[in-house]
Structure formats: structure tokens, C-alpha cells
Amino acid sequence: MLTANATTKISRVEPTDWYVGMKDPTLQLMVYGKDVRNADVKIDYPGVKIDSLVRLDSPNYLLVYLNLEGAKAGTMNLNVGGKKIKYQLKNRDMSGDKRMGFTNADVLYQLMPDRFANGNPKNDAFKNMRDAVVDRKQPSMRHGGDLEGICQHLDYFNELGVTALWLTPVLENDRPADEGKYSSYHGYATSDFYNVDPRLGSNDDYRQLVDECHKHGLKMVMDMIFNHCADTHPWNLDAPSKDWFNYPHYGLQTSYKLTPVLDPYASDIDKKETVDGWFVPSMPDLNQRNPHVIKYLIQNSIWWIETVGIDGIRMDTYPYADRKAMAHWMKVLNDEYPNFNTVGETWVAEPAYTAAWQKDSKLSDINSNLKTVMDFSFYEKINTAKNEDTDGFSTGFNRIYNNFVYDYLYADPSHVMAFIENHDTNHFLENGKDVTGLKQALALLLTVNRIPQLYYGVEVLMNGTKEVTDGNVRKDFPGGFPGDEHNCFTREGRTDAENAMFDWLSRLLHWRQGNEVIIKGKQIQFMPFKGVYVVARQYNGKSVMTIVNGNKTNAELDVKRYAEIIASHTQATDITTGKQLDLTHNIPLAARQTVILEF
């Protein structure tokens, strides 16, 4: 019988605790400790048995697979090499089918915690962490925003009218700033999968934030990364096994080209570079084909759902990870949480590519089981159309028309997430203030058959581009930090232009909440005609028409051309202004005007 060396020390067990009553009773415990690999393991707890022990290449890891079938909540005693470990099994707050994910009835508001609001300056930096610098003058260094800052402004989100928050990753990113200039304030270099970064708060703070969000009618979407971790993660410093990572020690760089994953003619080297190459030298590429790696990651996502109560997941760099392993992850989550939702980042601007990643797609030989995908086609085309007039064939809003033409490719178009900007792109406004173009983009985003996502600050005309650094599209929200002279959280602190944009968007967002025409309605679009593009939604005898003039000259809506929607109606309300419009005469449109009619 194997026994632990006399020097065995147990430094950590992951997951830190677990839950009874899961459909899958299997639990993988990763035991960390010096020379723990050969330890004997004993357990004496009703309903729990050891299925297997996996002794990895490193002497400092031991995987203990337990079966919890029939186990009840309580404190379980583990004996690992003579070391006694108390391990808690908990009751779940609710069964998995009662957890409701985000849907197209929601509007997601994406924000970066470090850049939104600093609610607790005492946690800005810690001397025992590898990066203890906070410098708001440097766009690529930490600025001090945190979970408490978000929690203090939940009323703001209610006033605006969004219904869900998507926070960029909140887990620990304990690594030094590259070249002393570029920190991992963004959160995408995880060094601990089970703890919130202390500069943002604690696990308890995260749970409290989610609870408070729920009290405010807001859902919480957690950003996760299964493709890679930080180079300072204990795994990279002492790999559990030789195949824990793809190409240990930065042996291959990803090409950033995602098409080989689905390309029927793709070469092996192209596929390998995409999936197995490292994202950047500071982020080692995890090997999800290793069954122990993917089991660890699956359990981690379940643990955060159960422990914090998140309402959805956004999975970063989705196609960069192993396709079959990720499909397995999604199947496990869908089985356990049938009403939950996950959106995957699939950054290719071709609808056929995006559609193939959606659950039950007929375009793919592997069912991804991924319910929601991101509409990079819409993002790319709306950002091109904003700079063009709409001609009679291909430019301007013809691009948006052509985007929706291909919705027949999707298994479920209502589970596609659309956006006009996010943390990885230029702001829609770039370095300007084209409010008319922004209103057109937002009007379409919020009325078409999609799950819409906004990026923080759009409501107060925040702008910026990535020309110099990504940090310039991740600026601090005005008023979120001590000493800010400009405060966009209050009407008094906003400029007249900011209030005008906030009010326009807020009116539209509140109108959208619970609006069955937008949530359930049939979508009908008309090819742009004389520069005017129209998308209609209809449900239970009610109609909405979103009308955008795609040119910088005046135009008019020929009401006869849209008779199949207008029918016998003689009046409609313009949601953007509250005014009544006469539908018996053509409707004049100013340059780049946006009108949303309801009747």
C-alpha cells in the first residue's frame, strides 16, 4: 500500500468545497502538497466512496475521484497520507433547473471592474502581490476599480434600464506588469480559478454583489477562460503532468486564425497553431483533451454557479480550446442547468462560421451544445455602415440587411448576441461624437431578433480607439473614482449632450423591458429603398418598425411600400420622442434620422 512521505504537506484542495444532489455524482479533488502524489487516501463518510486515485507526473499533485451518490451535506473527513482534512459538502440553494439564464429579453451591460468604480480604495494594491502599482494616468496599468464600486451603483443600472451585467474576469490575476507598463488589469490571465482577485474584493464580496444585483432585478454573467491561464499559475510553475499544457514553455504561438477549426480542408499545422498555440507568452495554453484538465474546468464553472449564483457565463476565446472537450463541458452544464445560458466568443465575421458553433447546428459535424454565439458579423458591418451612405445595392445599411439574410443558418437566431462595441474593439464613436450614427446602431441593436450587449459608457458618449493601447478603449467611467471632477452617474454631473444620450437610450431600454413584440415577435426586414432601411417586428396584432435613414441627406418613408406592416393603421408612436406620427402620409426623415414606430 502506498503511503505518504514523512514530509508530505497538504497546501490546498480544489474545489475548496462541493455540493450534494448533483446529477453527476462524480467529484474530482485536486490535492496540492509537497510529495503528495504517493499518499494513501482514506475516507469514512456515508454515501461517499473513492472511485480512483490518479497519480500524476509531478510529485506534488494527487487527484482523488469520489462518488457522492446518496451523500448528504456535512463535513467529510479525508485522510491523505496521515493528514486529516475536513471537507465540506453543502446543500444547493436550488435545483439546477431553477437557475434561469439570460435571454433575448435581457440587455447585457459589459463593464471592466478595474475601470468602472473604486468603492474601496483600501484594496487597490497589496505588497505581497506581483503587481502593486496603481496608476490611473497609465492606460495599461491598474486603476483601482472593484466589486464594491459596482455594488454602489446598482441603482444607476436600473435608471439606465439594462437587465444584466457582464463583468470581465474577476478571478485572481497575480502576475507582474509586462515591461512594467502593461498589467493584467483586464483579468484574462487567471492565476487562481477559485478566488476573486483581492484587488477587486473577496469571494464573499462577489456573492454579495450578485445577491444585490438580484434584488435590483439584474442578472450576473461571469467571464471565464478555459483556453489558458497565467504564467504564474501554480500549474505553470509545477505542471501536474507532461500533457497538462499544450507546448509547455511557450513552444508554439497561436496564429489567431479561427477558421482552421471548422475548415474541411484545413492542414494539421494550421489547426494545431490555432488550438494548441499559446495566446500570448504570459498565458500558457491548457490542454482540454486531458480528461483531468477538462474535469477540473467543468467543476470550476459549476462551483461558481452554485457558490455565487451567477446567471450566465461568457466564455473567452471559445474556438481556441479543444472543440470536443468544450462540447462536453456545455453538455454537462446543459444537463445540470437546462435553463442556464452560456455565450461563447467566436470572433469570425462570417455568419456561417458563427452559426456552426451554435447548439444543434446542422452546419457542424460536432454539436457544440453552446446555446449562444456572438454576432461579429453584425459588429463588423454596423461599424462599416456608419461611415457610408446607403446606395441601391451594397453599401451602408445594405450590409445590415445582408447580415440578417443569413439567419436561416442559425439553429436559433434569438440566441445570438449582437453588439456594436466591446472591450476588445474601438468604441463605436471612435474618437468622435457622431450621435446620429450611434442612435441608428443602438436602435437596430435593441429591436432586432438578438440578445443585445452594450459596452459601459456608451450611454454617456465615451469614446476612444486602440491605436496606441487597448487601455484607451477601457477608460475609467467618469465619477467612479475618488477625486473625479466629472461624474456621469448623476444628472447634475453629466453634460447636456451626455444627458441627452442617456435619456434617449434609457427611454428605449425601459420600453424594451418585457416587450413581447421585441422578445417574441416575427422579424420582417425590407431591402434599403432610396437609402432607408426598415426592420419590423410583429406579435399578437402589435407592430414595431425601426426606420433608419442611411444617408446624410433628407429622405422620406413611402408608407405605401410598407403596407404589409402598416395595414389599416393611421397613427403610430415614435418611441424615440414620444410623438404621434400620421401613417396616412409619407414620413419625412432628416439626415441619418432614426425612428422607432409602435402601433
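## Exercises on a predicted model

Asp 192 counts as buried, since its relative accessibility is 6%. The model is predicted. The exercises start from this residue.

**Exercise 1. Which residue pairs with Asp 192 in a salt bridge, and which strands hold the two residues?**

Step 1. Find the partner. The side chain of Asp 192 meets that of Arg 12, with 2.9 Å from N to O. The cut-off for a salt bridge is 4 Å, so the pair qualifies.

Step 2. Asp 192 is in strand β12 (residues 192–196), and Arg 12 is in strand β1 (residues 9–14). The pair therefore ties together parts that are 180 residues apart in sequence.

Step 3. Classify the partner. Arg 12 has 25% relative accessibility and counts as partly exposed. Buried means under 20%.

**Exercise 2. How many residues apart in sequence are the parts tied together by Arg 136 and Asp 476?**

Step 1. Check the contact. The two side chains form a salt bridge at 2.7 Å, N to O.

Step 2. Locate the ends. Arg 136 sits in the loop between α1 (113–116) and α2 (147–151), while Asp 476 sits in the loop between β18 (451–455) and α13 (496–512). The parts are 340 residues apart in sequence.

Step 3. Read the accessibility. Arg 136 is partly exposed at 34%. Asp 476 is buried at 14%.

Step 4. The structure holds 40 salt bridges. Among them is the bridge of Arg 115 with Asp 114, whose closest N and O atoms are 2.9 Å apart. Arg 115 and Asp 114 are both buried. A network of salt bridges links Arg 92, Arg 99, Glu 306 and Glu 336.

**Exercise 3. Is helix α10 mostly covered or mostly uncovered?**

Step 1. Count. Of the 10 residues in α10 (residues 376–385), 8 are buried, so by the under 20% criterion the helix is mostly covered.

Step 2. Name them. The buried residues include Phe 376, Phe 378, Tyr 379 and Ile 382. Lys 381 and Asn 383 are buried too.

Step 3. List the neighbours. These buried residues pack against α9 (351–356), β16 (372–374), α11, β17 and α12 (435–445).

**Exercise 4. Which residues touch the most other members of the largest nonpolar core?**

Step 1. In soluble globular proteins, nonpolar side chains tend to be buried together.

Step 2. The largest core has 147 residues; Tyr 109, Phe 157, Tyr 206, Trp 235 and Ile 310 touch the most other members. Helix α7 (residues 291–308) gives the largest share, 10 residues.

Step 3. Separate the second core. Another core, of 20 residues, includes Ala 536, Met 545, Ala 555 and Ile 565.

**Exercise 5. Is Val 559 buried or exposed, and which residues does it touch?**

Step 1. Val 559 lies in the loop between β22 (555–557) and α15 (563–566). Its relative accessible area is 9%, so it is buried.

Step 2. Beyond four places in sequence, Val 559 touches Ile 566, Leu 583, Thr 584, His 585, Asn 586 and Ile 587.

Step 3. Tyr 408, between α11 (398–405) and β17 (416–419), is exposed at 60% relative accessibility. With Val 405 and Tyr 406, Tyr 408 makes a nonpolar surface patch of about 310 Å².

**Exercise 6. Why is the chain called as compact as a globular protein of its length?**

Step 1. Take inventory. The chain has 15 helices and 26 strands.

Step 2. Compare. The radius of gyration is 26 Å, close to the 25 Å from the globule rule for 599 residues, so the chain is as compact as a globular protein of that length.

Technical notes: Residues are numbered from 1 along each chain as its sequence is written. This is a predicted model: local features need pLDDT of at least 70, side-chain atom pairs count only at pLDDT 80 or more; totals for chains, interfaces and linings use all residues. Side-chain values use heavy atoms; hydrogens and water are left out. Patches are made of residues with over 30% relative accessible area and no salt bridge: like charges are joined within 9 Å, nonpolar side chains (Val, Leu, Ile, Met, Phe, Trp, Tyr) within 5 Å. Accessible areas come from the Shrake-Rupley method with a 1.4 Å probe; for residues, only the protein chains shown count as cover. Helices (H or I, at least four residues) and strands (E, at least two) are DSSP runs, numbered from the N terminus. Buried means under 20% relative accessible area, exposed over 50%, partly exposed in between (1.4 Å probe, protein chains only). Contact means heavy atoms within 4.5 Å. The radius of gyration is taken over C-alpha atoms; the globule rule is 2.2 Å times the number of residues to the power 0.38. A nonpolar core is a set of buried Ala, Val, Leu, Ile, Met, Phe, Trp, Tyr and Cys residues joined through side-chain atoms within 4.5 Å.
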